[in-house]
Amino acid sequence: MASSSIARVLSRQMHMSARRHALTKFSMPAMSPTMTEGGIASWKKAEGETFTAGDVLLEIETDKATIDVEAQDDGILAKIIAPDGSKNVAVGSPIAIMAEEGDDLSGAAQMASEPTATPPSPPKEESAPEPPKAEEAPKPTPSQAKPELAKGERIFASPIAKKIALERGIPLAQVKGTGPEGRIIREDIEKYQPPAAAVAATSSALVASLPEYTDTPVTNMRRVIGSRLTQSKQELPHYYLTVQINMDKTMKLREVFNKTLGEKDKAAKLSVNDFILKAVACALNDVPEANSAWLGEVIRQYKKADISVAVATPTGLITPIVKDVGSKGLATISSEAKALAKKARDGKLAPQEYQGGTFTVSNLGMYDIEHFTAIINPPQSCILAVGTTKPTIVPAPEEERGFKTVNMMKATLSSDHRTVDGAVGARWMTAFKGYLENPLTFML
């Protein structure tokens, strides 16, 4: 009887021990190949709450979007290590403790507090003994300030001393002269140090003059955008080509298409940007050298035009991709671009929807911007900056008045000179302009 009781106790202890060891650490996942750190936007499960495969555990803030993380198996969220709002959490760092149904959760807090294993630091090299320091030369004694002279008393100073004092705003009445008969010389002005009270008063005045401001914490997305754009501008040899495009025929064709589409679906409407994307794809087909990427040892030339479209969001700029634009019609391009833009603004883009584009288009025409230059998005070789379309007077010898008004648009191509030579960029711009000035060629 006693032996069976002992067996039951040992069995229970072994069962408890197995349960404790069933607890596992859940690490920050890499949501993209380039992701090195992320933030915890919010946990969707509370501590101690069960979940099933497919449930959303948390939202992770990456450099491009906020992404849902789904559970792969059933389990329990035993302990949260990285709470909501955590920033700069390295990929692979523990963010929670997970358990299975029936596990003992009492050891979760202890496991969460265990330090993460770090690689041993390399042995320190013995430093060579420091050479004896040379004796410092005696520093010149600064000129001491003296009490201000009585009003009307004459000040004796050399012309150069007066000039320097005037430039530096030093009151001569407070400088003690060391020249003949107390005359103030150049060295006295250069060594002059104002009284501590005057320095404090000046510092206080500078602090008091600062304008009011608000500090906004930098998000992971904004930090990565800043880092990559800085790297692109510093490392890539940018050059720029600008053309003016007559958009009259494109505008008329858009009007006709929208009228036809509106009869079938009132919500369907083509934008000027849809025509631009199609023209970009057609021009890339004509000049494939522009549809390339610098990969260090090789220049990769792409066979399809996967066009990244710059979209402004509350947290920063993101570039969702319209895939294989050359094979799609204007209506399909329009619907896909609108859907991607909405997902981008809602922060719901999946990594495959914004990674891997071959060419980028940035359009600020809707903000009435006539002309600007854009920064290349590596490893892509080109980005097209598109301005607004506006009525412009141009020479027209065939007209009675000698001029006419047309809808003109400026577009500027930024190219990486390592992959796209100037002549290649010029050929691409010529082809792009040709398609927009004769948009019926889209259908040929």
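Ground rules first. I am working on a predicted model, where local features need pLDDT of at least 70, side-chain atom pairs count only at pLDDT 80 or more, and totals for chains, interfaces and linings use all residues. Residues are numbered from 1 along each chain as its sequence is written, and side-chain values use heavy atoms, with hydrogens and water left out.

**Helix pair**

I took helices (H or I, at least four residues) and strands (E, at least two) as DSSP runs, numbered from the N terminus. Helix α8 covers residues 272-286 and helix α9 residues 330-345; their axes come within 9 Å and cross at roughly 115 degrees. The axes are lines fitted to C-alpha atoms over the stretch in contact, with angles from 0 to 180 degrees between N-to-C directions. That makes α8 roughly perpendicular to α9 (65 to 115 degrees; under 35 is roughly parallel, over 145 roughly antiparallel, the rest oblique).

Next I listed who touches whom, contact being heavy atoms within 4.5 Å. From α8 I noted D274, F275, L277 and K278, and from α9 L330, I333, S334 and K338. By class, this contact has four nonpolar, one polar and three charged residues. Ala, Val, Leu, Ile, Met, Phe, Trp, Tyr, Cys and Pro count as nonpolar, Asp, Glu, Lys and Arg as charged, and the others, Gly among them, as polar.

**Sheet**

I traced an open sheet of four strands in the order β1-β8-β6-β3, with antiparallel pairing. Two strands pair if DSSP finds at least two bridges between them. At the edges I found β1 (24-27) and β3 (50-51), each pairing on one side only. Strands β6 (residues 75-80) and β8 (residues 94-99) pair in the antiparallel sense over four bridges. I80 has A96 of β8 as its bridge partner.

Most residues other than glycine have a negative phi, and most peptide bonds are trans. I checked for exceptions. N88, in the loop between β6 and β7 (89-90), has a positive phi near 55 degrees. At 37% relative accessibility, N88 is partly exposed (buried is under 20%, exposed over 50%, partly exposed in between; 1.4 Å probe, protein chains only). D324 also has a positive phi, about 45 degrees, and sits in the loop between β15 (321-322) and α9. Its relative accessible area is 21%, so D324 is partly exposed.

Last, I found a cis peptide bond joining P378 and P379, with omega about 5 degrees. P379 is in the loop between β16 (359-363) and β17 (382-395).
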